[in-house]
Amino acid sequence: MRLVTHNMLQCHVKGCNSNNFPLQLSDVEIEIQETDFNPKFLRNMLSKLEWNALVKTALEINITTLPNVLPNDLDEEFLKMLHRVLLETHIKQGQMICPNCNHTYPIKDGIPNMLLSETET
Amino acid sequence: MIPTPNLDHLSPGDYELVYEPAEDTFLLLDALEKDAEFLRNEIKPCICLEIGSGTGCVSTFLGKILGDGTALLICTDINPYASAITNKTGYHNSIQLDSITTNLVNGLLPRLYHSIDILCFNPPYVVTTSDDLYLSKSIIEKAWAGGIDGREIIDKMLPLVDKLLSDKGVFYLLLINENKPNEVCEIMKNNYHLQSEVLLSRLAGREKQLILKFWRNTR
Ligand SMILES: C[S@@+](CC[C@H](N)C(=O)[O-])C[C@H]1O[C@@H](n2cnc3c(N)ncnc32)[C@H](O)[C@@H]1O
Ligand SMILES: [Zn+2]
């Protein structure tokens, strides 16, 4: 799971409707997989991102390169750094914990599992 | 011509765990190919979502149409094996896919409210009893069993389409005649003001398969 995908996921346990995003990463195993740099895509993607959530999540896995506030001037250096964090950083194993209800969603072999049992939905 | 994704990395054993691409899959590929110019030049998507990705064949093909890394290609499936195989198929065809194991789009809404530019679904559409759908333990049966009129999963999906589609978004849905496609179009029009057309149709044995395309009035 790449951090861009993590930025799209929220808890959906029945009744858990607030403070349920971003899911907190825990016990994670990380792998960097390089991919082509596409500044145009990154610029488009920025408008779809929850920036604060991304910064918070990155810090949980000791990535300290993201500024707290998105800069006005998105130069190439910034976009390359963002590319690395958002698109090349893969969570291979671990867990995502809901900050509100503490429900834990597993990440196995790079795939987040958002399935809930019948009673939780 | 965009080549059909290479599935050589899959063995017969994999097809006991995941839906093997068939005529329905290929009809959806043909529909996307027919719309390739439109998708590349008019939609210019940022986020695409496929529900029930199975082997990942459809999203890989979409990635080939758009170019790897030009859009985020999110793939969901309720079957964890399908999620794993989807990522593998992307990888073997040099297309980055982002799999999530979930029921329909659980966990993605409301976060992705009105954010999806291209939405695809080749659903479980075969007419069965409700019991076949809900009591079956077989992961493969769940890939095609659609319950009454083959519509039980489809009908759960329909209200989500309006929540997911961006203003310029398009939705491609495979149905068969038994699913009452006209009724589906009516529901989408009356409840959500979504326009539709039959983009392609084909006979596969005795099954009349078609691809419906939906979009917002505002386009
Ligand atoms: C007809 S197969 C299509 C597979 C693939 N997209 C293709 O065209 O070859 C339907 C897929 O939907 C998945 N599926 C069934 N019910 C689902 C649900 N509630 N949520 C997500 N995926 C589901 C099945 O596991 C299966 O992979
Ligand atoms: Zn929660």
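A:Cys11 is buried, with a relative accessible area of 3%, whereas A:Cys101 is partly exposed at 32%; buried means under 20% relative accessible area, exposed over 50% and partly exposed in between, with a 1.4 Å probe and protein chains only. This is a predicted model, in which local features need pLDDT of at least 70 and side-chain atom pairs count only at pLDDT 80 or more, while totals for chains, interfaces and linings use all residues. Residues are numbered from 1 along each chain as its sequence is written, chains are lettered from A and ligands numbered from 1 in the order in which they are written, and side-chain values use heavy atoms, without hydrogens and water.

**Zinc site**
- A:Cys11, A:Cys16, A:Cys98 and A:Cys101 coordinate the zinc ion (ligand 2) through their SG atoms at 2.3 to 2.4 Å; donors are N, O and S atoms within 2.8 Å of the metal (3.2 Å for Na, K and Ca), and water is not among the atoms, so sites may look incomplete.
- The site of the zinc ion (ligand 2) is tetrahedral, with angles of 103 to 115 degrees among its four donor atoms; four donors count as tetrahedral if all angles lie between 85 and 135 degrees.
- Along the chain, the donors of the zinc ion (ligand 2) have the spacing C-x4-C-x81-C-x2-C.
- A:Cys11, in the loop between helix 1 (3-6) and strand 1 (24-32) of chain A, and A:Cys101, in the loop between strand 2 (89-97) and strand 3 (104-108), lie 90 residues apart and link distant parts of the chain; helices (H or I, at least four residues) and strands (E, at least two) are DSSP runs, numbered from the N terminus.

**Sheet of chain A**
- Four strands of chain A form an open antiparallel sheet in the order 1-2-3-4; two strands pair if DSSP finds at least two bridges between them.
- Strand 1 and strand 4 (111-112) of chain A each have a single partner strand, so one side of each lacks a neighbour in the sheet.
- Seven bridges join strand 1 and strand 2 of chain A, and A:Glu29 has A:Gln93 in strand 2 as its bridge partner.

**Contact between the chains**
- In chain A, 23 residues are in contact with 27 residues of chain B, contact meaning heavy atoms within 4.5 Å.

**Strand 7 of chain B**
- Seven of the ten residues in strand 7 (residues 207-216) of chain B are buried.

Technical notes. Four donors count as tetrahedral if all angles lie between 85 and 135 degrees; four count as square planar and six as octahedral if opposite donors are over 155 degrees apart and all others between 65 and 115; anything else is irregular.
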